[in-house]
Amino acid sequence: MVSSTSPKGTSLLLKVYKQFASPKWDLPYILCLLVLETVLSLAIVKYVSYTEIDWEAYMQEVSMWQDGELDYTKIYGGTGPLVYPAGFLYMYAFFKWLTGGGTNVLLGQYLFCGLYVLNQAVVLSICNMIARNLVESQWAKSKSKESGKTSLKLCNVIWSWRVAMGMMCLSKRIHSIFVLRLFNDGPCMLFFYISCLLFAKTFWRTGCAVFSLAVSIKMNVLLFAPGLLLLLLQSSENIAETVICLGICAGIQLILGAPFLLSYPVSYIRKAFEFDRVFFYKWTVNWKVSVCVCFI
């Protein structure tokens with residue numbers, strides 16, 4: 001037997017469901033996730049043991065450079081030779097200064113907690129922008145914009161993305177990279193995601209500058225360069241704008257790498273941008289668990 005109040009209750013829930021899917025709740029939702037991320041990250045630092053992998057090697061490499069060594073083939077740490085561009089040295093020299101010569105690892109972890117939360121803020125903003133663009137696109141294509149069915153469908157799109165955004169905040173791997181390992185992948189991808197957000201807002205020149213900063217920390221970001229070039233060509237009214245953007249990317253690399261390029265150019269290019277590097281698949285934690293979430 002169905003209660004007579006059941007339809008009213010269902011109607012109320014549906015109304016709340018639709019109400020909280022409106023754009024005015026996007027920012028509060030993201031802020032709630034970021035607060036939870038901050039608490040979770042601090043809890044991980046406090047209760048999960050730090051594992052030393054690359055931090056000491058980073059500090060050793062920075063120290064050799066600060067001692068005056070400019071030949072990249074002679075800069076190395078406990079894990080091997082330096083294979084990152086100059087931006088990496090500048091950034092981790094700053095981290096070294098903040099952490100008392102690299103000895104205060106706990107402070108470094110708290111620093112990376114901040115970088116992690118900032119990274120998530122940028123990524124969540126990008127996801128929210130995509131969700132809203134999808135809704136606007138489907139709304140424009142709808143023949144019956146006043147249809148309750150259409151409205152519910154669009155609300156489902158927003159909530160599907162919000163659920164996915166919440167799941168992103170539970171990534172064990174990303175928390176590990178930032179707050180337990182202090183890898184340079186974290187700051188590198190933070191700059192890359194900021195550039196993506198700038199590109200989405202059509203700030204192409206500024207985005208290219210930030211993209212180049214990401215490359216200067218770890219050359220892996222160059223894997224995104226072909227896609228960026230395609231976007232620049234598609235968005236520019238003339239080839240000159242594309243050339244300017246590419247010039248910004250190249251100019252930043254030249255400025256940051258100038259001390260090394262003027263002293264040992266071949267050494268710097270060969271080690272910082274090791275294009276002849278060969279990767280062998282032996283084991284990985286990145287593909288240990290693969291989850292695919294599809295939105296239809």
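# Briefing on a predicted helical chain

The mean pLDDT of the protein chain is 87, and 85% of its residues reach 70 or more. The model is a predicted one, and the chain holds twelve helices and two strands. Buried residues account for 41% of the 296 residues in the protein chain, and among contacts between residues at least 6 apart in sequence, 74% join residues at least 24 apart.

**Confidence at selected stretches**

- Over residues 1–5 the pLDDT stays under 50, and for this stretch the model has zero contacts beyond four places in sequence.
- Residues 289–296 also have a pLDDT below 50, and this stretch has four contacts in the model beyond near neighbours in sequence.

**Order of elements**

- Read from the N terminus on, the elements of the protein chain follow the order α-α-α-β-β-α-α-α-α-α-α-α-α-α.

**Helix α2 with helix α7**

- Helix α2 (residues 26–47) and helix α7 (residues 172–180) have axes that come within 10 Å and cross at roughly 65°, and the crossing of α2 and α7 is right-handed.
- On the α2 side the contact is formed by E37, L40, S41, I44 and V45, which meet H175, V179 and L180 in α7.
- The residues of this contact of α2 with α7 divide into five nonpolar, two polar and one charged.

**Helix α10 with helix α11**

- Helix α10 (residues 225–235) packs with helix α11 (residues 239–261) at an angle of about 145°, their axes lying 8 Å apart, and the crossing of α10 and α11 is right-handed.
- From α10, the residues L229, L232 and L233 meet I239, T242, C245 and L246 in α11.
- The contact of α10 with α11 is made up of six nonpolar residues, one polar residue and no charged residues.

**Helix α9 and its surroundings**

- Helix α9 (residues 204–217) has 14 residues and reaches 20 Å from its first C-alpha to its last, which is close to the 20 Å expected at 1.5 Å a residue.
- Helix α9 is mostly covered, in that ten of its 14 residues are buried; these buried residues are W204, G207, C208, V210, F211, S212, A214, V215, S216 and I217.

- Helix α3 (residues 55–66) has twelve residues, and from its first C-alpha to its last it reaches 16 Å, close to the 16 Å expected at 1.5 Å a residue.
- The buried residues of α3 are W55, A57, Y58, M59, E61, V62 and W65, E61 being one of them.
- Just after α3, the residue G68 takes a positive phi of about 110°.

**Arginine 162 in helix α6**

- R162 is found in helix α6 (residues 148–168), and R162 counts as buried because its relative accessibility is 3%, where the cut-off for a buried residue is under 20% relative accessible area.
- Leaving aside residues up to four places away in sequence, R162 touches F20, A21, S22, W25, D26, Y29 and R132.

Methods:
Residues numbered from 1 in each chain as written. Predicted model: local features only at pLDDT ≥ 70, side-chain atom pairs only at ≥ 80, totals over all residues. Heavy atoms only, no water. Axes fitted to C-alpha atoms, helices over the stretch in contact; angles between N-to-C directions. Helix = DSSP H or I, 4+ residues; strand = E, 2+ residues; numbered from the N terminus. Left-handed = near helix turned anticlockwise from the far one by under 90°. Contact = heavy atoms within 4.5 Å. Nonpolar A, V, L, I, M, F, W, Y, C, P; charged D, E, K, R; others polar. pLDDT = per-residue confidence, 0-100. Buried < 20%, exposed > 50% of the residue type's maximum accessible area, 1.4 Å probe, protein only. Expected span 1.5 Å × (residues − 1).
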